[in-house]
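Reader: Could you walk me through the aromatic rings in this one? I'd like a close look at a single part, in plain words.

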Amino acid sequence: MATTLSELRKSRSTMMDKITKELDSGGNRREKDDRFWSLSRDKAGTGSAIIRFLPPVNGDEVPWVKVCSYGFQGPSGKWYINDSPSSIGEADPVMEYNAAAYASKDEERIEDAKKRKRRTQFISNILVVKDPANPENEGKVFLFKYGKKILDMIMSKAKPEFDSEEPIFVWDIDEGCNFKIRIKNVAGYPNYDSSEWAGISAVADSDKEIEAILNKCHKLAEFSDPSRFKTYDALKKEFDRAMGVGEAASAPTRRAEEKSKADLGDDDGDDFNLEKEVAKAAAPVRNAEPKPAAKQDDDDDLDEFKRMLENI
C-alpha cells in the first residue's frame, strides 16, 4: 500500500484534527476552484479589469446559471453555509422558515428572518481581456461569479430604458461589448457603480480566434445539476443544528468563524457582507409544510431575459 502503518501512526494526531474540523463544519468544506476568475483589489478595496461575457455553448441554453446560497451563524453558535436547492426550483428549509416568519406578520420574526437573507449569484463564462493586477490571466477563459448588480447592468444593455437606444446583447460574438469592471469600497461594501460597457466589438479579430476561445468555455449546466445540492432532509438537519433545535446552544469558536468566512470565498455578490448577515436568536418554526421554492424578483428578470434570447 502507498501509505505505511508507520506513516499513519505518525500522522494520527494531525489526521484526527482535520477530521474533527470537517465534522464540526458539517462536511461542507469548499475547495478553491481555479476555473473561476475574481477581480483583484488593492489595500483600499479598489480594482479594475476588462472582461467579455461569452455566449452559451456546450448545450447550455443561456449564458449564465443562477446559484443561491445561505451563510449565517445561528443562535446555537453553529454556522449554516450551503447552496440552496431553490437554485433549481426545489424546496429549501431556510426559505420555508423565512416564509413562515413573513406570513406571521410578527415584526420581530420578520426582522430576524431578514438576517438570514438568501444570497443570489450568477455564473458565466468570460474572456479576460485586461487584468492589470494579474496579466497572466489575459486572453484566458474563466468562470465568473457575480451578483444582481452586474446582472442589472447586463439587463440595462439588453433592455435599455429609453426607446432611442438599441438593445445590445453583450455576450454576442460579433456585436457584443467588453465590460470595464471597476470595484471600490463604499461604506464597507464592494461597489461596482463605476463599471461601464465599451463600444460594440467582436470577441476577437478572426473566426479562428473566436472558435478557439469558445472551445475553452466551461459547461454551465454542471452548477444546476441536482446532485450538487444536499437533500432537503440533510439541509433541515443542519439548519436545526444551527438554530439550536434539539440541542444546547454553544458559543462559536474563532476557528469556526474564520473557516466559515474562508469557505464563502471572495464576495463577487455585490453588497454581501458576512459579518452584517450574522443571525441573532429566533424562535424556531415547527411543523412547517414543505413548499416549492418561492419565486423571487430576480427569477422574473431571468425569465424575461430568456424570452429575449429566444427571439434573437
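Are Phe179 and Trp197 buried or exposed?

Author: Both Phe179 and Trp197 are buried. Keep in mind that this is a predicted model. Now for how the two rings sit. A pair of aromatic rings is described by the distance of the centres and the angle of the planes. For Phe179 and Trp197, the centres are 4.4 Å apart and the planes are at 40 degrees, so the pair is called tilted. An angle over 60 degrees would be needed for edge-to-face, and one under 30 for stacked. The pair also links distant parts of the chain: Phe179 is in strand E7 (residues 176-186), while Trp197 is in strand E9 (residues 196-201), 18 residues apart.

Phe179 and Trp197 belong to one aromatic cluster, together with Trp37, Phe53, Phe122, Phe144 and Tyr146. Across the whole structure there are 14 aromatic pairs.

Here's another pair to set beside it. Phe36 and Phe223 have ring centres 5.8 Å apart and planes at 75 degrees, so this one is edge-to-face. Phe36 lies in strand E1 (residues 36-37) and Phe223 in the loop between helix H6 (207-214) and helix H7 (232-243), so the pair ties together parts that are 187 residues apart in sequence. Phe223 has 5% relative accessibility, so it counts as buried.

Elsewhere, Arg116 lies over the face of Phe72, at 5.9 Å from the ring centre.

Key:
Residues numbered from 1 in each chain as written. Predicted model: local features only at pLDDT ≥ 70, side-chain atom pairs only at ≥ 80, totals over all residues. Heavy atoms only, no water. Phe/Tyr/Trp six-rings, centres within 6.5 Å; stacked < 30°, edge-to-face > 60°. Helix = DSSP H or I, 4+ residues; strand = E, 2+ residues; numbered from the N terminus. Buried < 20%, exposed > 50% of the residue type's maximum accessible area, 1.4 Å probe, protein only. Lys NZ or Arg CZ within 6 Å of the ring centre and 35° of its normal.
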